[in-house]
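Please have the sequence and the 3D view ready.

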Amino acid sequence: MSVYRSPFERLREKFDESELRCSACGYVDTEGGWRVTTSGDRVRYQFVCPTCDAIETRELRLE
């Protein structure tokens, strides 16, 4: 992996390191991670709990 990562990749890594506990059921997914999608003016990070299928979403709007 390149030493030069985008700010979006670095933010996803922060989520992967610190926010892997499902807020709905409390399950900690040590092998999962946050999914990143973009739609032009938005960057969406989503975590789907493998136990209860709850979806946690963080979204950044680019202006």
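Buried means under 20% relative accessible area, exposed means over 50%, and partly exposed lies in between (1.4 Å probe, protein chains only). At 19% relative accessibility, Gln46 therefore counts as buried. This is a predicted model, in which local features need pLDDT of at least 70 and side-chain atom pairs count only at pLDDT 80 or more, while totals for chains, interfaces and linings use all residues. Residues are numbered from 1 along each chain as its sequence is written, and side-chain values use heavy atoms, with hydrogens and water left out.

**The sheet**
- An open sheet is formed by 3 strands in the order S1-S2-S3, with antiparallel pairing (strands are DSSP E runs of at least two residues and helices are H or I runs of at least four, numbered from the N terminus; two strands pair if DSSP finds at least two bridges between them).
- Strands S1 (35–38) and S3 (55–61) are the edges, each pairing on one side only.
- From one strand to the next, the twist averages 20° (axes are lines fitted to C-alpha atoms, for helices over the stretch in contact, and angles run from 0 to 180 degrees between N-to-C directions).
- Strand S2 (residues 42–48) pairs with S3 in the antiparallel sense over 7 bridges, and Val48 has Ile55 in S3 as its bridge partner.

**Around Gln46**
- Gln46 is found in strand S2.
- Leaving out residues up to four places away in sequence, Gln46 touches Gly33, Trp34, Arg35, Ile55, Glu56 and Thr57 (contact means heavy atoms within 4.5 Å).
- The side chains of Gln46 and Thr57 are joined by a polar contact of 3.4 Å (a pair of N or O atoms within 3.5 Å; within protein, one must be able to donate a hydrogen and the other to accept it, and residues adjacent in sequence count only if both atoms are side-chain atoms).
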